Amino acid sequence: MQFFMKLSQFKVRIPEELIALHPVEHRDEARLLVVNRKTGAFEHKQFKEVVNYFSDGDVFVFNDTKVFPARLCGNKEKTNAYIQVFLLRELNPDLRLWDVLVDPARKIRIGNKLYFGEDNSMVAEVIDNTTSRGRTLRFLYDGDHDSFKKDLFDLGKAPLPDEFLKLREIEPSDIDDYQTIFAKNEGAVVAPAASLHFSRELMLRLQIKGIKPSFLTLHSGLCNFADIDVEDLTKYKMDSEQLIVNDDVVRDVNSARENEHKVCAVGTSVMRALETAVCTNGMIKPYEGWTNKFIFPPYDFSVASAMIANFYSSQSQLLMMTAAFGGYDLIMEAYQEAINEKYRFGIYGDAMLII
């Protein structure tokens, strides 16, 4: 097998007009490019036809993380300079401490106060600017924690990636559009985009056919959209993301594998989670902790027999993982096929099923 460890080998010229600025009206009516790893054949379908490639006893593994409105716009004290804060994670609920990114960061110092809301109703103080991901803010709020979170999130906007926001501004509908229908456990700033294509009707069709939906939680972070700044991919280190693989998904996945049924990983976050929780015998175990697993070709997958992916950005680690599963040459050919056939790319774009 040829080794693919260079960033430049994952460069794809994606025409800007193929970047989807909005989702399709009905989630499950996006286009679906089916890629067969054994034959190298491509099929062009509608996403809701994905059910036709699976049978009774097969398992779909989803990520049930919930995206929160992480973008805040505010002003710095005294100068009234415009500040954008990107909430990453809550560090201490009692003290209202949050790990954040601040833009522009160069003028923010410890002790500075930041004001948010039309009436400056939300105030935060910078208490640390030495963390690896930016700053630590302490929000000055007198009410209980539930009221604080509600007021904070009411001020926030959908955390769409910066690359996307070069093409259009955030709209009110994004807070719902950029969320799966089964989102449950709050903590993500990046949606599991491959799952955005699933409608309630499609989930029902899966269950009627005997296909088991199973859920794990991986709180996807900004590392999914981070630029990779090294040519040698073996030297790249991803940020860690919080992961919970519970007993239910362990039972579902291991039972499917024992009975020679298919396990479909819905999205790159699920694939990373399964490969983090896998044992040497190919079964998975419960897991609660963090993962910074970076998957790129060549890689021997142990759990999933199929994968659903979106069409990702050039040179992204999401594309690299997809290529690792589908095979580098075949996936790069599939991307060219998608470009030729005018598939939609990006977070609101079309999907690929790799079988």
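Two strands count as paired if DSSP finds at least two bridges between them. This briefing applies that rule to a predicted model. In the model, Met307 stands opposite Ile354 in strand E17. Nine strands form an open sheet with mixed pairing, and six strands close into an antiparallel barrel.

**The open sheet**

- The strand order is E2-E1-E17-E16-E14-E3-E12-E13-E15.
- Strand E2 (42–46) and strand E15 (287–291) are the edge strands, each pairing on one side only.
- Direction ignored, neighbouring strands of this sheet are turned by 25 degrees against each other on average.
- Helix H5 (residues 247–258) lies across strand E3 (59–63), strand E12 (212–218), strand E13 (241–245) and strand E14. The helix runs at about 130 degrees to E12.

- Strand E16 spans residues 306–310, and five of its five residues are buried.
- Burial applies to both faces of E16: Ala306, Ile308 and Asn310 lie on one side, Met307 and Ala309 on the other.
- With strand E14 (residues 263–266), E16 pairs in the parallel sense over three bridges. Within this pairing, Val266 stands opposite Ile308.
- With strand E17 (residues 351–354), E16 runs antiparallel and is joined by four bridges. Besides the pairing of Met307 with Ile354, Ala309 has Met352 as its bridge partner in E17.

**The barrel**

- The strands of the barrel follow the order E5-E6-E7-E10-E9-E8, and their pairing is antiparallel.
- Neighbouring strands of this sheet are turned by 45 degrees against each other on average, direction ignored.
- Strand E9 (residues 122–128) and strand E10 run antiparallel and are joined by five bridges. The bridge partner of Ala124 in E10 is Phe139.
- Helix H1 (residues 145–155) packs on the sheet and touches strand E5 (71–76), strand E6 (82–92), strand E7 (97–103), E8, E9 and E10. The direction of H1 makes about 145 degrees with that of E6.

**Aromatic pairs**

- Ring centres within 6.5 Å define a pair, and by this rule the count comes to 25 aromatic pairs.
- The rings of Phe116 and Phe139 have their centres 6.3 Å apart and their planes at 40 degrees, so this pair is tilted.
- Phe116 lies in strand E8 (residues 113–116) and Phe139 in strand E10 (residues 135–140), so the pair ties together parts that are 23 residues apart in sequence.
- Phe116 has a relative accessible area of 1% and is therefore buried. Phe139 also counts as buried, because its relative accessibility is 2%.
- Tyr299 and Phe301 form an edge-to-face pair, with 4.7 Å centre to centre and 65 degrees between the planes.
- The cut-off for burial is under 20% relative accessible area. Phe301, at 19%, is therefore buried, while Tyr299, at 24%, counts as partly exposed.
- One aromatic cluster is formed by Phe47, Phe54, Phe60, Phe62, Phe182, Phe198 and Phe215.

**Charges over rings**

- Arg31 lies over the face of Tyr343, at 3.9 Å from the ring centre.
- Lys262 lies over the face of Phe54, at 5.3 Å from the ring centre. Phe54 is one of the residues of the aromatic cluster.

Key
Residues numbered from 1 in each chain as written. Predicted model: local features only at pLDDT ≥ 70, side-chain atom pairs only at ≥ 80, totals over all residues. Heavy atoms only, no water. Buried < 20%, exposed > 50% of the residue type's maximum accessible area, 1.4 Å probe, protein only. Helix = DSSP H or I, 4+ residues; strand = E, 2+ residues; numbered from the N terminus. Phe/Tyr/Trp six-rings, centres within 6.5 Å; stacked < 30°, edge-to-face > 60°. Lys NZ or Arg CZ within 6 Å of the ring centre and 35° of its normal. Axes fitted to C-alpha atoms, helices over the stretch in contact; angles between N-to-C directions. Contact = heavy atoms within 4.5 Å.
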